[in-house]
Amino acid sequence: MDKPLTPTLDRVAGPADLKGLSQGELTQLAKDVRHEVISSVSQTGGHLGSSLGVVELTVALHAVFNTPFDKLVWDVSHQCYPHKILTGRRDRMHTLRQGGGLAGFCKRTESEHDAFGAGHSSTSISAALGFAMGRDMGQPTGDAIAVIGDGSISAGMAYEALNHAGHLGKRMFVILNDNEMSIAPPVGAMSKYLSGLYAGTPLGKLKDMAEDFESALPGPIREGARRARQLVTGFPGGGTLFEELGFDYIGPIDGHDMGQLLTVLRAARARASGPVLIHVCTVKGKGYKPAETAADKYHGVSKFDVSSGAQKKSKGNAPSYTSVFGKTLVEEAARDSRIVAITAAMPSGTGLDMMQDRFPRRVFDVGIAEQHAVTFAGGMAAAGLRPFCAIYSTFLQRGYDQIVHDVALQGLPVRFAIDRAGLVGADGSTHAGAFDVAFLSNLPGMVVMAAGDEAELKDMVATAAAFDEGPIAFRYPRGEGVGAELPERGRLLEIGKGRVIREGSQLALLTLGPALGDALKAAEELEARGISVTVADARFAKPMDTDLIGQLVDNHAAVVTVEHGAEGGFGALVLHWLARTGRLDRGCAIRTMTLPDTFIEQASPAEMYAEAKLTARDIADTALTALGVAPGHFAKPA
Ligand SMILES: Cc1ncc(C[n+]2csc(CCOP(=O)(O)OP(=O)(O)O)c2C)c(N)n1
């Protein structure tokens, strides 16, 4: 399909160029930006639906406000592609989400127009309020504008920020981008409440701005505005929830109507003295049929064909870890009616959609609310249920105090299924699952497992289901398994016991999780060089298999631990134990291989692991150095 012409966008080098454009030209510009988003994401993949929904809003915001002096803070920032295109990054959109290219999210290091980095949700109002305070305390910064979706406003942190902003009463803007979608349909009372607000469309505005504002509206919507205002003022308590929190509320308005957007944003910018919430209704996937009609609104897509919308999904040889988890949990749930599952707005990403289909009443989507998810699971465990709390490693970080205080401290048997553990590829550093082994293993009583392959994952699901003694976690990576043969039914693993995969006499490679595959490759290469190698799969970071580790250290000249996690994780625990028991003094060379102490930018997972120096070749080189042999003497790559 030929790329459509984009004459208006071609004249725009940066946001300053929008200031002289008429409403008609800005409408045309939005059309061009939409074409640009579709054509560039078709070549790179990415968050298409969310970005298409905010095209007009982005154009209007940049026409009315002045970034980088004004601070535009995109929540999650997965919808920031139009913003990137308008802020000088159009010519690099073909590098989006790739190694060395543009990040898929806003990044302060990438552009002065990216006021605040994100990737996790519901942070924008807090950050924007911080900018507003900075301005009021004399820093050279302009208006602060947070743009947050109806999914992301379901998280507690957003309310904490609204509550504080209303209390402070400082001038700032929150744009609620309401498309009635999260990744999946949004859940909860807030979602219903927002739907109620715009049931009486189109415009409502209260308090001192109202009269002036209404008269500034174009004729056809002025009447509607009056009607809606009465409707909103008629609510018991006198206003919307946002007004109760201290905000001026404007809306709902049509987020694809450039006239309404410009009028409202200009009026708000000219008149606001305190916090203002502008409620904008948009359509996720707007302007691209295949996205608008898809159930997921093309929230996240791989490369696709523009004319048909068909995505180029690579067909894997092995099932994904996610699907092995999802299917195994359904099997276990079929046998045990006490098994329940919890997701924080990620039913399909976590594979819990399979259990939702089979046992809809036993799966709870709590919205983007990881903290609540963990404590809710704690309560269910205390009540005698067997909850599986399925949260990506990176998002589990948000529920940390709940894991410590509500679950671990009370020894409650919550099962944590931790997907996307390790480096995740295109989503980059915000989504890296780097820290869970470290932050879970330091908790008293916590059992922490990592699957070396998909068969072991199946065993770990069964093991977790049967474990009632306290909290238990198992981590597994993004993507497909290694092709391991899956057992008919998950087997119960002995808690705290690893396994020896191959036995040698000189060197031991001790892995946690899917580093096992690379260690086996490295062992082949080392054996070809005449070095006798043991490979052991620790399975448990906690409790650690100290019998196994003791044997490895006592019977080999060198032991190398390998894990896909940050420093302070499994290797550190091994070192603690060796030091405590005096085994560090006995002459065995020890090396620990972890992710480096840096945030690794987006690239393919293979490239990211190469940068992290965790490939099979790196393992072999580290082993050789530990044995006192010069590394890098292989004829062919490991
Ligand atoms: C803390 C956290 N949990 C989960 C996610 C995964 N996630 C990314 S976007 C999204 C949905 C956001 O919905 P909404 O704010 O309505 O934006 P939309 O995509 O609909 O424009 C979710 C759950 C996240 N980014 N951060």
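Gln356 is found in helix α15, which covers residues 353–358. The model described here is a predicted one. Setting aside neighbours within four places in sequence, Gln356 is in contact with Pro347, Val363 and Asp365. Leu492 stands 136 residues away from Gln356 along the chain, and the C-alpha atoms of the two are separated by 25 Å.

Glu370 lies in helix α16, residues 370–382. Is Glu370 buried or exposed? With 6% relative accessibility, Glu370 counts as buried, since buried means under 20%. Beyond its neighbours within four places in sequence, Glu370 is in contact with Ala344, Ile391, Phe395, Arg398 and Gly399. Glu370 also illustrates how sequence and space can tell separate stories: Gly156 is 214 residues apart from Glu370 in sequence, but the distance from C-alpha to C-alpha is 9.3 Å.

UniProt, in an unreviewed entry, places the feature "domain: Transketolase-like pyrimidine-binding" at residues 319–484.

Most residues other than glycine have a negative phi, and most peptide bonds are trans. Against that background, which peptide bonds are cis? One runs from Thr67 to Pro68, with omega near 5°. Pro68 sits in the loop between helix α4 (55–64) and strand β1 (71–74). Another cis peptide bond joins Lys542 and Pro543, where omega is about -10°. Pro543, too, is a loop residue, placed between strand β16 (540–542) and helix α22 (546–555).

For Arg97, a residue other than glycine, phi is near 65°. Arg97 belongs to the loop between α5 (81–89) and α6 (124–136), and it is buried, with a relative accessible area of 16%. For Tyr298, likewise a residue other than glycine, phi is near 55°. Tyr298 is found in the loop between α13 (289–293) and α14 (321–335). How accessible is Tyr298? Its relative accessibility is 10%, so Tyr298 counts as buried.

Stepping back, the protein as a whole can now be described. Its secondary structure comes to 25 helices and 18 strands. The C-alpha atoms fill a box of roughly 85 × 55 × 50 Å, taken along the principal axes. Why does the radius of gyration agree with a compact globule? For 638 residues, such a globule would have a value near 26 Å, and the protein has 27 Å.

Buried residues make up 60% of the 638 residues. Among contacts between residues at least 6 apart in sequence, 76% join residues at least 24 apart. The accessible surface comes to about 24400 Å², and carbon and sulfur atoms account for 52% of it. As for charge, there are 63 positive and 72 negative side chains, and the centres of these two sets lie 2 Å apart.

Technical notes: Residues numbered from 1 in each chain as written. Predicted model: local features only at pLDDT ≥ 70, side-chain atom pairs only at ≥ 80, totals over all residues. Heavy atoms only, no water. Helix = DSSP H or I, 4+ residues; strand = E, 2+ residues; numbered from the N terminus. Rg over C-alpha atoms; globule rule 2.2 N^0.38 Å. Buried < 20%, exposed > 50% of the residue type's maximum accessible area, 1.4 Å probe, protein only. Contact = heavy atoms within 4.5 Å. Areas by Shrake-Rupley, 256 points an atom, 1.4 Å probe, with all protein chains shown as cover. Lys, Arg positive; Asp, Glu negative; His and termini not counted. Charge placed at Lys NZ, Arg CZ, Asp CG, Glu CD. UniProt positions renumbered as here; feature names shortened; annotations may be inferred.
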